[in-house]
Amino acid sequence: MALTPVQAGRQTHRKGRSAWWWVHHWLGLKLAIFMTFVLATGTLATLSNEIDWLVDPAQRVMPREVPTASWGDWAAAVKAAEPEATLQYLAAPLDPWFAARVVIERPDGGLRIAYVDPWTSEVRGVHGWFNVNRFLRNTHRHLMMPVDIGVPIVGSMALVLLVSMITGLVTYKKFWRGFTRLPQWRKGRQGEARRFTGDLHRFAGLWSIWFLALIIVTGVWYVVEVFGGQAPPGPRPKVVTGAAQPVGSELDAVIARAQAADPGLRIAGVSFPDDKGRGVLVAGQAKAILVRDRANAVWVDPRNGEVLLTARGEDLNLHQRISEAADPLHFGTFGGLATRLIWFVFGVVMTGLSVTGVMIYSLRMARAQDEARPRHGLVRLWVSFGPAAYPALGLILISLALTPGAVIAASGG
């Protein structure tokens, strides 16, 4: 019997939807191992400083209701504890219960972080530069590989996420209704595990669309930067020579000059004079939103207190503002602990989408499996991943294998 035009149209529509579903299914399954690794490390990276705080007692302090010691006091305490070391960077506590951090370089070239009680200036410990935070950030960003190689590999997952998002919406008929369709477990129904997992997958995916889109855009931007699309650098001060590293009252005087040059600057960190002769850099947040601390900066010559240059985030051009916004948006750092927690929760959801997608396929295969040739669930999954499983596992193992070398390099070995 010949199909009517309406029936033929419906059949074509179903075939089209089936093709979209196949793409969604294929990407989600074949790349699940590597995608889950990237999403999981990125999720943990949002709270990596808090993880370090939990595992390292030197970073934990008791908040007090009295004013903290000065930046100069913190620097002087570290210099007294490590007289042969060169001070590189001094960071304010992330939250009141965090110690201040001072990055130092020892004569052997090894980097260390000294943790200082903000109120007493007590040096609570001097530990390796390569900590949980650095491991998660480097693993998530470039798999411990050279940046030009690792970033494009990780960034390609943003394109996979984009295709998965589009195909998921196309195959979910009248998806807008799914925002209020809560997953429900109906005990006793055949195939209920697969049905419930599918409902949970769709519900979580819909409510995380905004977050998924944000991660896609910023992930693609990181790849664009690697291939030459990075924004032009901001202004730089004139070169000064013979600048010493100020500590104690000398550093406090430098910071006071910087604060006077930009009264609205909320100081987050201080960089000490380097071999390029740029004086002391005092950076933080001010009027501009979604910029890194470096966008608001004052350079001061420590020899005479001269303000060499004042840079403000609101003066950056559009290209520079886009570049500055990438990190705060990707990791949720712009709103402190509150936004980092939100980013962590939605990161868990995205990681869960990758896992539940594999679960849906596994349950579907279990139902259709030939009972004459039963397979263990893990074996069935491994076979379903196909050849893509080997490069995925290879990239993960390479990243882990490169970690000890990164640790040794950071310690000056």
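How do the residues of the lining of the second largest pocket divide into nonpolar, polar and charged? They comprise 21 nonpolar, 12 polar and six charged residues, where Ala, Val, Leu, Ile, Met, Phe, Trp, Tyr, Cys and Pro count as nonpolar, Asp, Glu, Lys and Arg as charged, and the others, Gly among them, as polar.

The model is predicted: local features need pLDDT of at least 70 and side-chain atom pairs count only at pLDDT 80 or more, whereas totals for chains, interfaces and linings use all residues. Residues are numbered from 1 along each chain as its sequence is written, and side-chain values use heavy atoms, with hydrogens and water left out.

The chain contains 13 helices and eight strands (DSSP runs numbered from the N terminus; helices are H or I of at least four residues, strands E of at least two). Of its 413 residues, 43% are buried (under 20% relative accessible area with a 1.4 Å probe, protein chains only). Among contacts (heavy atoms within 4.5 Å) with a separation of 6 or more, 63% are between residues 24 or more positions apart.

The second largest pocket has a volume of about 1,100 Å³. A pocket is an open set of points on a 1 Å grid over the protein atoms alone, where a 1.4 Å probe fits, with protein on both sides within 12 Å along at least five of seven lines; lining residues have an atom within 4 Å of a point. The volume is the space filled by probe spheres set on the points, which are joined across faces, edges and corners. Of the 39 lining residues, H24, G168, H201, R202 and I360 are the closest to the centre. Helix α7 gives the most to this lining, with nine residues.

Beyond neighbours within four places in sequence, L143 is in contact with residues including F34, F37, I153 and L402.

Strand β6 (residues 280-285) is largely enclosed by the rest of the structure because five of its six residues are buried. Its pairings (at least two DSSP bridges between two strands) are as follows.

| Strands | Sense | Bridges |
|---|---|---|
| β5 (residues 266-271) and β6 | antiparallel | five |
| β6 and β7 (residues 296-300) | antiparallel | five |

Within these pairings, I267 has G284 of β6 as its bridge partner, and L281 has W299 of β7.

Technical notes. Buried < 20%, exposed > 50% of the residue type's maximum accessible area, 1.4 Å probe, protein only.
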